[in-house]
Amino acid sequence: MTHIHCIKKMLGIKDPNIYLEENPVGFKNIKQVNHIIIEGKLTYTPQCCVNCGIINHSHQDIIKNGTKISTIKLTHINFQPLLLRLKKQRFLCKHCDQTFIAETKLVERHCFISNIIKRTIAMELREIQSMKLVAQHLSVSTSTVIRVLEKVGEPLASKHLYLPQHLSIDEFKSVKNVSGSMSFLFLDAQNHRLIDVVEDRRKDHLIDYFMRYPKDSRYSVKTITMDMYSPYLEVVKKCFPKAVIVIDRFHIVQHLNRALNTFRIRVMNEIRNKSATDYRKLKKQWKLLLKNEWELNFTDYKTHRLYDGLVTEKMMIDYLLSLNPRLRHVYKLVNDLRFALHNHDFEQFNTTLEESKKYALPRKVRTTVQTLFKHQKGIRNACLYTLSNGAIEGVNNKIKNIKRSGFGYRNYSHLRARILISYRLTASRFEPKALHYQDELAHQGE
């Protein structure tokens, strides 16, 4: 009997009321797939009737009344599905004259897919792969994977009780039927723990959502790191009046780089018919033009296919800027602002912005400067705090990969559950609390 105990332990069958046959292992071809078959029996002495509730005092009030065979999917061994042919004991209550079947934690009532498979599905859903691929790996249907997704994802949602002291917020593109196709997510800026995903990023919807949290929880938020999306300002002002807004430094640099790159394209198109060589230089060396000026190499001379003789990065930049005086001016402005931000020197940053009012700038660059003026308080805090939206941008990248692996999502609730499972489901939550397994009637005979 020692080998029977080892087989049960290897297969994860922890129920002591399940007894395997002396020679339990067999093989069978089902739908052109080889299956491993394990024979077993489930029996115990029930404490009461599940229908009328009568207590089985003398063990004669409820008697055994035959068995019912149930085929349960367990797991895979050597890439072959494993089935458990379980003879479940049937009981007859002499008081209500009704029958009921023995139950076990191994599988839910009226179900033939074991909880082991369901926990494995939950673990597989944490990774970047399609639900169809998960179903193929575990020899179940896609509908089964979706049911597990919905059941596991539901208890992982926020209960509108806890908010950290430092929030990081951002939006991502979700599904088409959501208004604007943009959804909202936020996490703890310190430990990078995802808190919740909100369907709509619009101002009114977000205000209604955050007002569900207790006042003490909302007032305890100290900082909120975000990009320069204007409606978020009003949301923070109404829902988090004591929070300090921190503009993510990456988004500030991104705005500056886009302004510089837009004007580079404009200059490039202007000289297209005048000098094909200069046009190619501006077109091919856009990365070099966006590189920080203080990081340019001015000592190493190398050959370059667009230039004659040996040149350095600094020499190539000087030539590109000589093509247009306004390009040189915009380049200097952008680098001065980036350098001040890099050194966390807000006074220098603000001084550079003020000086930009004295001269004319291209429309795109002027719009960027006006945006920075609008968010001066948040930029000042960005120079004081080390908080950033780097973690939430990583979450956005993983969401894109999840959507790409499934060729897009049509159901928002499925996408939201998939995101929560990827970031909030831990090993301890694979237990019955997360998957709603039955835990009362299965071991009445223990």
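## Exercises on a pocket and a helix pair

In this predicted model, β3 gives the largest share of the lining of the second largest pocket, namely 3 residues.

**Exercise 1.** Describe the second largest pocket: how much space lies in it, and which residues are closest to its centre?

*Solution.* 
- Step 1: start with the volume, which is about 290 Å³.
- Step 2: turn to the lining, made of 17 residues, where K68, K88, I101, R109 and H110 are the closest to the centre.
- Step 3: look for the strands involved; β3 (62–77) and β5 (99–101) each supply at least two residues of the lining.
- Step 4: sort the lining by class, which gives 7 nonpolar, 5 polar and 5 charged residues.

**Exercise 2.** Find how helices α2 and α4 pack: at what angle, and how far apart are their axes?

*Solution.* 
- Step 1: recall that two packed helices are described by the angle between their axes and the distance between the axes.
- Step 2: take α2 (residues 115–124) and α4 (residues 142–153); the angle is about 75° and the axes are 10 Å apart.
- Step 3: angles from 65 to 115 degrees count as roughly perpendicular, so α2 is roughly perpendicular to α4.
- Step 4: list the contact, in which K118, I121 and A122 of α2 meet T144, V145, V148 and V152 of α4.
- Step 5: by class, this contact has 5 nonpolar, 1 polar and 1 charged residues.

**Exercise 3.** What radius of gyration does the chain have, and what would a compact globule of 446 residues have?

*Solution.* 
- Step 1: the globule would be near 22 Å.
- Step 2: the chain has 32 Å.

Definitions and conventions: Residues are numbered from 1 along each chain as its sequence is written. This is a predicted model: local features need pLDDT of at least 70, side-chain atom pairs count only at pLDDT 80 or more; totals for chains, interfaces and linings use all residues. Side-chain values use heavy atoms; hydrogens and water are left out. On a 1 Å grid over the protein atoms alone, a cavity is a set of points where a 1.4 Å probe fits but cannot get out, and a pocket is an open set with protein on both sides within 12 Å along at least five of seven lines; lining residues have an atom within 4 Å of a point. Grid points are joined across faces, edges and corners, and a volume is the space filled by probe spheres set on the points. Helices (H or I, at least four residues) and strands (E, at least two) are DSSP runs, numbered from the N terminus. Ala, Val, Leu, Ile, Met, Phe, Trp, Tyr, Cys and Pro count as nonpolar, Asp, Glu, Lys and Arg as charged, and the others, Gly among them, as polar. Axes are lines fitted to C-alpha atoms, for helices over the stretch in contact, and angles run from 0 to 180 degrees between N-to-C directions. Angles under 35 degrees count as roughly parallel, over 145 as roughly antiparallel, 65 to 115 as roughly perpendicular and the rest as oblique. Contact means heavy atoms within 4.5 Å. The radius of gyration is taken over C-alpha atoms; the globule rule is 2.2 Å times the number of residues to the power 0.38.
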